[in-house]
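Let's take a friendly walk through a protein model. Have a look at the sequence and the 3D view, then read on.

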Amino acid sequence: PSCLIPSPHQPTNPPNPQLLRRSLTTPCLAQECSHVGEACKLPLVEVARMLKEIQDGIRAVGQELALCPVSDLVDDIASAAGPQDGGGAEQLIGQRFRQAMGGFHAEMGQRLASLTALQEETTGLLRKLATFFGEDPNQAKPDAILRSCAEIARAMAAADATVAALQESEG
């Protein structure tokens with residue numbers, strides 16, 4: 001998250017209480033990390049495994065579609081070849097499969113591309129977070145990084161509640 005980039009101008013003395021109140025009520029970190037607690041419940045290895053299963057499933061449907069006859073092509077071949085002996089039912093089933101699954105396969109391919117892009121973006125962000133926390137991005141454990149972010153988000157939420165209570169008691 002962009003709000004986690006440390007400022008080169010951070011003060012070395014304790015912050016002013018007004019500044020602290022303002023920074024704790026700024027929604028940047030709280031909003032950007034609000035979903036991390038839920039994300040921590042499912043290990044990233046499991047997410048990667050599920051994505052791989054989806055990829056394999058879409059690939060299998062694509063292979064089946066490649067084996068199905070294309071109705072226009074089959075009609076052209078049939079008219080050129082003359083009368084055929086059987087096989088019509090199998091062609092009809094293949095055409096129906098193509099008709100039913102073709103659109104699904106195309107849409108799922110697009111959605112898979114989106115998921116893959118999100119996975120790559122997440123990997124990049126986790127590498128940046130590892131570097132931010134002083135870890136080697138090649139050695140850091142992504143789930144541990146997410147747990148750290150969730151702990152920070154919980155602490156920020158608790159601090160926000162404390163600041164809100166202070167503001168209420170003052171005013």
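What pattern does the chain follow, read along the sequence? The pattern is α-α-α-α-α-α-α.

## The ground rules

Before going further, keep in mind that this is a predicted model, where local features need pLDDT of at least 70, side-chain atom pairs count only at pLDDT 80 or more, and totals for chains, interfaces and linings use all residues. Residues are numbered from 1 along each chain as its sequence is written, and side-chain values use heavy atoms, with hydrogens and water left out.

## The overall build

The chain has seven helices and zero strands. Both kinds of element are DSSP runs numbered from the N terminus: helices are H or I with at least four residues, and strands are E with at least two.

Of the chain's 171 residues, 17% count as buried. Here, buried means under 20% relative accessible area, exposed means over 50%, and partly exposed is in between (1.4 Å probe, protein chains only). Now take the contacts (heavy atoms within 4.5 Å) between residues at least 6 apart in sequence: 75% of them join residues at least 24 apart.

## The largest pocket

About how much space lies in the largest pocket? The answer is about 910 Å³. A pocket is found on a 1 Å grid over the protein atoms alone, using a 1.4 Å probe: it is an open set of points with protein on both sides within 12 Å along at least five of seven lines, and lining residues have an atom within 4 Å of a point. Grid points are joined across faces, edges and corners, and the volume is the space filled by probe spheres set on the points.

The pocket is lined by 32 residues, and the closest to its centre are L44, T122, T123, L126 and L146. Helices α3 (36–39), α4 (44–67), α6 (88–132) and α7 (142–170) each supply at least two lining residues, with α6 giving the most, 10 residues. Sorted by class, the lining has 24 nonpolar, four polar and four charged residues. For that sorting, Ala, Val, Leu, Ile, Met, Phe, Trp, Tyr, Cys and Pro count as nonpolar, Asp, Glu, Lys and Arg as charged, and the others, Gly among them, as polar.

In soluble globular proteins, nonpolar side chains tend to be buried together. In this model, the largest nonpolar core has 11 residues: C33, V36, L126, L129, A130, A140, I145, L146, C149, A150 and A153. Both α6 and α7 supply at least two residues of this core, and the largest share, five residues, comes from α7. A nonpolar core is a set of buried Ala, Val, Leu, Ile, Met, Phe, Trp, Tyr and Cys residues joined through side-chain atoms within 4.5 Å.

Which residues does L146 touch, leaving aside its neighbours within four places in sequence? L146 is in contact with V36, C40, L44 and L126. L146 also has a C-alpha 8.0 Å from that of G37, although the two are 109 residues apart in sequence. G37 sits in helix α3 and is partly exposed, at 27% relative accessibility.

T122 is in helix α6 and counts as partly exposed at 37% relative accessibility. From T122 to P142 is 20 residues in sequence and 9.8 Å in space, C-alpha to C-alpha.

## One aromatic pair

A search of the whole structure turns up one aromatic pair. F132 and F133 form it, edge-to-face, at 5.5 Å centre to centre and 70° between the planes. Rings of Phe, Tyr and Trp (its six-membered ring) pair if their centres lie within 6.5 Å; planes under 30 degrees apart count as stacked, over 60 as edge-to-face and the rest as tilted. F132 is partly exposed at 34%, and F133 is partly exposed at 31%.
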